[in-house]
Amino acid sequence: MGIPLRQIAKVGAYIVRQHLAGRKRYPLVLMLEPLFRCNLACAGCGKIDYPDAILDERISVEDALASVDECGAPVVVMAGGEPLLHKELPRIVEGVIARKKFAIVCTNALLLEKKMDQYRPSPYFTWSIHLDGDREMHDKSVCQNGVYDRAVAALKAAKAKGFRVTINCTFFNDAEAERVASFFDAVTALGVDGITVSPGYAYERAPDQEHFLNRSATKQLFRDIFRRGEGGRRWAFNQSGMFLDFLAGNQTYHCTPWGNPTRTVFGWQRPCYLLGEGYAATFKELMEETDWDAYGTGNYAKCANCMVHSGFEATAVKDTVARPWKALSVALRGVKTDGAMAPEIPLDRQRPPEFVFQHNVAKKISEMREAEAREKAGKAPTAA
């Protein structure tokens, strides 16, 4: 297990409090995207397909920390875009840590060595470095040569300075199980504190639409990977064992998108980190006025093949708390990699996809222009 005991204890206590309070829906991890701008253009990513006016937007320190307080989740993941491009990210991280919440910065690490001294090691702080496999695999994934070597150099530098460092990996249908297992062995030898894995989500705006995994291929891939690592026990994962068991097709889970609510420059994103189908002005509005039953596998075509951690990790964690004996079995025996898989969710009643990206962009641009006009009007000199 790559999750620190302190974090396990605090998150576990938080979940118990929610259950005792009778709350059906509550957040576990706040996904905070303080900007969309990135210094890479990965083929499988649909996060940066915005006009420059939006890519230049930033969430202020005050708004970011207000969102942390409003949401209340015990873990805050800062992603993007590339969060290290945000000049005030150190202040946001400091604010998160001061609140005794776990701060995780997801980065491609191209700026990490340059920016590292702006941060201090803490049991509440983690660098999560994007690595989609070995040198050839990763550089192909991010569409730029040399990125793997720079990321590994930054990883080593961060470990040398006492930071907790994990890696996050996204795999597509061209991933080879033997090669992925060898990569996990290599990063384990480098001393990473944990590995986060996920199948790629089929972003509708991603340049490469040919290499996304469907659910059956995802399950087989992860079975083949875990089989080469003692059911996954050979490696420290920064995820629950039940989520890994789900990836290998041994659990039938519905996603809980409210478990990882997302705050972006647009506002609170509906319904989840992966789908921008609309936005709420407040976290309360997001939780109370979103039609959650309209989304998820079996409900919505865009969700049909999704098995991503941001949607299902919260489900797995809640299952772990409710049925700890199941999690203990996976921890002791490893993930099951053969035999029948759990039943799949039927897709015959899912609603067709809606395409709202252009509408959301146009609305945001209009709001930005209106705000700019109000600011100019407020600064205009008054008549004598």
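The model is predicted.

**The sheet**

An open sheet of 9 strands has mixed pairing. Its strand order is β6-β5-β4-β3-β2-β1-β7-β8-β9. The edges are β6, residues 194-199, and β9, residues 276-280. Each edge strand pairs on one side only. From one strand to the next, the twist averages 30°.

Helix α9, residues 215-227, lies across both β5 and β6. The helix runs at about 150° to β6.

The C-alpha atoms of Ile195 and Phe237 are 4.4 Å apart, although 42 residues separate the two along the chain. Phe237 sits in the loop between α9 and α10, the latter spanning residues 241-247. Is Phe237 buried or exposed? Phe237 is buried, at 3% relative accessible area.

| Helix pair | Residues | Axes come within | Crossing angle |
|---|---|---|---|
| α6 and α7 | 135-142 and 147-160 | 8 Å | roughly 110° |
| α12 and α13 | 309-322 and 324-333 | 5 Å | roughly 105° |

Angles from 65 to 115 degrees count as roughly perpendicular. The α6 and α7 axes cross at roughly 110°, so these helices are roughly perpendicular to each other. From α6, the contact draws on Arg135, His138, Asp139 and Val142. From α7, it draws on Val147, Tyr148 and Asp149. By class, this contact has 3 nonpolar, 1 polar and 3 charged residues.

The second pair, α12 and α13, is likewise described as roughly perpendicular. Here α12 supplies Asp319, Thr320, Val321 and Ala322. Helix α13 supplies Pro324, Trp325, Lys326 and Ala327. The residues of this contact divide into 5 nonpolar, 1 polar and 2 charged.

**Burial of α6**

Which residues of α6 are buried? They are Met137, His138, Asp139, Ser141 and Val142. Among them, His138, Asp139 and Val142 also take part in the contact with α7.

Just after α6 comes Cys143, with a positive phi of about 65°. At 46% relative accessibility, Cys143 is partly exposed.

**Cysteines**

How many disulfides does the whole structure hold? The search finds 0. A disulfide needs two cysteine sulfur atoms within 2.5 Å. For Cys71, the closest cysteine sulfur is that of Cys272, 15 Å away and therefore too far for a bond. Cys71 is buried, with a relative accessible area of 8%. Cys143 is in no disulfide either. Its nearest cysteine sulfur belongs to Cys42 and lies 6.3 Å away.

Technical notes. Residues numbered from 1 in each chain as written. Predicted model: local features only at pLDDT ≥ 70, side-chain atom pairs only at ≥ 80, totals over all residues. Heavy atoms only, no water. Axes fitted to C-alpha atoms, helices over the stretch in contact; angles between N-to-C directions. Helix = DSSP H or I, 4+ residues; strand = E, 2+ residues; numbered from the N terminus. Parallel < 35°, antiparallel > 145°, perpendicular 65-115°, else oblique. Contact = heavy atoms within 4.5 Å. Nonpolar A, V, L, I, M, F, W, Y, C, P; charged D, E, K, R; others polar. Buried < 20%, exposed > 50% of the residue type's maximum accessible area, 1.4 Å probe, protein only. Pairing = 2+ DSSP bridges.
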